[in-house]
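Me: Hi! Could you walk me through this one?
Reply: Happy to, here it is.

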Amino acid sequence: MSPNSAGRAEKIGYTNVKVYHEGLPVWSKKNFVVLSAQSLKEAYMDKDIPTVLVDVRPFAVAQKGFIKGAVTLPASDIAANIAKFPPKDKKPPIIVVDDKGGSEAANSAKSLIAAGYTGVAILTGGIDAWQAAKYPVETGNLATTIAYVPKPRPGEIAIEDFKKIASSTSANTLIIDVRSREDASLGMVKGAKVIPDMEILDRMAEIPKDRQIIAYCNTGIQAEMTYHKLKEKGYNIKFLNAKVTFDNQGNYTIEKL
Amino acid sequence: MLLKRLMNIGSSTVMVFGLVMTFGQAVAQEKAAAPAAPQAKPTIAKLCTNCHQAEPGNLRGNFDGVAYQSESIQIKIDDTAEILKFDPKTLQVKNMQLDPNNPSEPLRAIKKGKEVRVEYTEKNGKKFATLVSEKVAIKVRPEMLMSTADVEKLVAQGQEKGKYLLIDARPAPRFMEGAIPTAINIPFVAFDKMVDKLPKDKSMLIIYYCGGVT
């Protein structure tokens, strides 16, 4: 998507357009990301997506007002307490909260990234921004142990179920490959129908309403977008939330992200 | 294998013929009913207008099928279909991966639904294809690429000092889950709608990123 955007920007006259092609997956292996108070609420809490929310302020300060579900672990203790965090391979979304989104949060995030965690985020503006947005806080004792139970995202199909459906064609299911045609032409799931996510709403006539639709791409990102678009139109749809790698022999491997 | 191939050819031929007939019927009906100006068919699919404009003598849409027997191709432009005759001896092809087993019928290598541009001439109201070009994937020129280290350096300086605009082109729900510090979100699909978020100074450094090579 970024090369397309860059191309459009050049077309309308921008002369110094660059593309960071490796993008977020590479960035977040070495650096933290950020999210706003509104994003924390809407992208995680409202959707009930489990996170590891770490409040790195001193315990006595945090007690006076913290975000629901936060675990206390002061910044100076993070590096020594990595073992308290869920295993790396579960890829828990970790969100670090300090007072203003400053160096305490940044240093805590860096310790976690150094320990091998990816997708470590800092709450921009810290608890101050959260309270300025008038979101609720709790007072009293914070949890001291991290309880993280990964949960499938809405519409996510179990990898085993996807494999089962992909291996035997059925009149009741339809798998759609929502990547670009270029990607799909280099290898795809046998029997799938290629409809790039960008075209999905224009090509609904080709998607039967009476079948179980399953969308996949190679990261789960586009497939999830397709899921929301078709769900809203009344389709019975699920999506594969995983990394899928293809070879040109029609073989593929699925890896949980 | 060969049988399968023949069957494929058979079915696509039938399909194209079927539409030739309906197209012919539609023309006949139109002639009979109203001698008024025929309705102009679109020459460019909506999707293609993201980057291209309608051009005389060019069709842009999705490749639907080819019948070498009747020397015709069918192009889908949104909801309408265009049938064009061609001469296999003079037809030019561009940006195509030729099938080494069948180099004399290059159009067979085009996948159904692939975006194509067709150049044509018009004779007696009928379109005759002279060139078929497949859409090529957008390639980023090497000088446009930025490394992680480049972006880290700029982000450490901050937007003011680094004099840049970092743009996350992913869909909003993903941006919200976490983005590179100082980035703003302009999803690719919302490019036009959010064009006012781009800097007024067109020489300013703009960096796009997304979820890697998706």
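Reply: Among contacts in chain A between residues at least 6 apart in sequence, 63% join residues at least 24 apart; two residues are in contact if their C-beta atoms, placed from the backbone, lie within 7 Å. This is a predicted model, where local features need pLDDT of at least 70, side-chain atom pairs count only at pLDDT 80 or more, and totals for chains, interfaces and linings use all residues. Residues are numbered from 1 along each chain as its sequence is written, while chains are lettered from A and ligands numbered from 1 in the order in which they are written.

Me: How many helices and strands does chain A have?
Reply: Chain A has 10 helices and 12 strands, taken as DSSP runs numbered from the N terminus (helices: H or I, at least four residues; strands: E, at least two).

Me: Is N141(A) buried or exposed?
Reply: N141(A) counts as exposed because it has 11 C-beta neighbours inside 10 Å. The cut-offs, with C-beta atoms placed from the backbone, are 20 or more others within 10 Å for buried, 12 or fewer for exposed, and partly exposed in between.

Me: And where does N141(A) lie?
Reply: In the loop between helix 7 (126-132) and helix 8 (159-167) of chain A.

Me: New topic: how many residues does each chain bring to the contact?
Reply: Chain B gives 43 residues and chain A gives 48. Strand 9 of chain B supplies the largest share of chain B's side, five residues.

Me: What does strand 9 of chain B join to?
Reply: Strand 1 (residues 17-20) of chain A, through four bridges, and the two run parallel; strands pair if DSSP finds at least two bridges between them. K18(A) has I207(B) as its bridge partner there.
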